[in-house]
Amino acid sequence: MAPVTHHYEKVPYSSSQEEPTDYYLAYHIAEAHSSEQVIERQPRKKRLGRAHFIFIALFIVSYMVFFIARGSFASTRVAAGMRQKCRETMHRFGLAGHGMHRNMSTATGAKLPTHYTLPSGDKIPAVALGVWRAGRGEVGEAIKAALKLGYRHIDGAWIYGNEAEVGQAIRESGIPRKDLWLTSKLWNTFHAPEDVEPALDESLARLGTDYLDLYLIHWPVAFKKGGNNDVDFELTENPYPTWQKLEEMVEKGKVRNIGISNFNIRRIQNLTANPLKVKPAVNQVELSYWNPQPELLQWSKENGLLLEAYSPLGSAEKVKESLDVAEAKEIAKDLGITPAQLYISWHVQRGTIVLPKSVNSARIEENFGVVALPDSAIQRLEIAATSHKPLRTVDPSKNWGVDIWN
């Protein structure tokens, strides 16, 4: 597969991030001004500089004391938010350069991609809300909370069984469809070419939209018809007929981009050896501290295939343990962020889309707090993640009777 360059979009500065007027810069003095005028201005300039710094320092101290008095730092997640607000305020008023909290300003001073550009030219948001395991009656509120916070990428699937509630929440949010990125996935039961379009149409109807931004083959495993999860080994080993039907969905305008999920390198090459009209835009795979997959990540970059990281915190079975990793906790503390924010930021900085999932509004907000990490922090976390035996937390191979990863 020919390499495709991913264009990293820089995070735009808001007005609150613009650099303040620097009162410490020397005045521009015209040649016509006399030397006496220059000498007269300098003492006033120094007084203004000292007064400006003292005023802002007092403001910051008062700001922090106010929130401490309210007990806002009692909660870890709220603490991270408050620290972030303090850092933003210091940057806004130019205090970061005076030696205050240098370790925290390192994380906020740099910029990360907010979107990646796919081969089609479409720009996919770098952070999404995943809705796997989000039950009925709770996924809708999670969607609304996420969209209110600024999420614009929702990652779902037919098999999750919650697409109707997702669609309803999106409509109630009032956010135009064109401003959202919706992903769904083709389940194993529908790999036969004649079943692809009806399955897609069902997802479209449930979501209440006439197109998807991205549609993925959920697993590189095809089931026979009949509902017993019996593997169709021929179609599993040769997904090209399924892919051709997906290409047709692109031509019809029902899908803008198509991709794969849970494909290893051999299975990717097996598919792309065919004369594809549309190349896979992404490969959505499990990526976490426990299963970092550095070889797949490197190969994908070299071959122009963007990875999406699901279960970035280790899935429900490992998330508590992930957040308690000593190295991650230490790095996060140094940077003034939470371990969850550290992991999610690490995934983006590795060059992947990241799909954290939660139905808790506080965690949804926390997971959206992506920051640029210093090189030293990335190296420490990468070394720690690749120093243990990889552990896959999502593996239905035994239940399905097929070695998915071979």
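Modeller: Rings of Phe, Tyr and Trp (its six-membered ring) pair if their centres lie within 6.5 Å; planes under 30 degrees apart are stacked, over 60 edge-to-face, the rest tilted. This is a predicted model, in which local features need pLDDT of at least 70 and side-chain atom pairs pLDDT 80 or more, while totals for chains, interfaces and linings use all residues. Residues are numbered from 1 along each chain as its sequence is written, and side-chain values use heavy atoms, without hydrogens and water.

Biologist: How many aromatic pairs does the structure hold?

Modeller: The structure holds nine aromatic pairs. For tryptophan 187 and tryptophan 400, the ring centres are 5.9 Å apart and the planes stand at 75°, so this pair is edge-to-face. Tryptophan 187 lies in the loop between S5 and helix H6 (193–207), and tryptophan 400 in helix H16 (residues 397–400), so the pair ties together parts 213 residues apart in sequence. Helices (H or I, at least four residues) and strands (E, at least two) are DSSP runs, numbered from the N terminus.

Biologist: Is tryptophan 400 buried or exposed?

Modeller: Buried means under 20% relative accessible area, exposed over 50%, and partly exposed in between (1.4 Å probe, protein chains only). Tryptophan 400 has 12% relative accessibility and therefore counts as buried. Tryptophan 187, at 12%, also counts as buried. The rings of phenylalanine 223 and tryptophan 400 have centres 5.3 Å apart and planes at 90°, so they too form an edge-to-face pair. This pair links distant parts of the chain, 177 residues apart, with phenylalanine 223 in the loop between S6 and helix H7 (233–237). Phenylalanine 223 is buried as well.

Biologist: Which residues form one aromatic cluster?

Modeller: Trp187, Trp219, Phe223, Trp400 and Trp405 do. Arginine 392 lies over the face of tryptophan 405, at 3.6 Å from the ring centre (NZ of Lys or CZ of Arg within 6 Å of the centre and within 35 degrees of the ring normal). Elsewhere, lysine 318 lies over the face of tryptophan 290, at 4.1 Å from the ring centre.

Biologist: What is the order of the strands in the open sheet?

Modeller: Strands of a sheet pair through backbone hydrogen bonds, either parallel or antiparallel. Here eight strands, with parallel pairing, follow the order S3-S4-S5-S6-S7-S8-S9-S10 (a pair needs at least two DSSP bridges). Strand S3 (129–130) and strand S10 (353–355) each have a single partner strand, so one side of each lacks a neighbour in the sheet.

Biologist: Which strands does helix H8 touch?

Modeller: Helix H8 (residues 240–252) packs on the sheet and touches strand S5 (181–186), S6 and S7, its direction making about 145° with that of S7 (contact is heavy atoms within 4.5 Å; axes are fitted to C-alpha atoms, for helices over the stretch in contact, and angles between N-to-C directions run from 0 to 180 degrees).

Biologist: How many bridges join strand S6 to strand S7?

Modeller: Three bridges join strand S6 (residues 214–217) to strand S7 (residues 258–261), the two running parallel. In S7, isoleucine 258 is the bridge partner of tyrosine 215. Two bridges join S7 to strand S8 (residues 282–286), also running parallel, and glutamine 284 in S8 is the bridge partner of serine 261. In a regular strand the side chains alternate between the two faces of the sheet. For S7, Ile258 and Ile260 on one side and Gly259 and Ser261 on the other are all buried.
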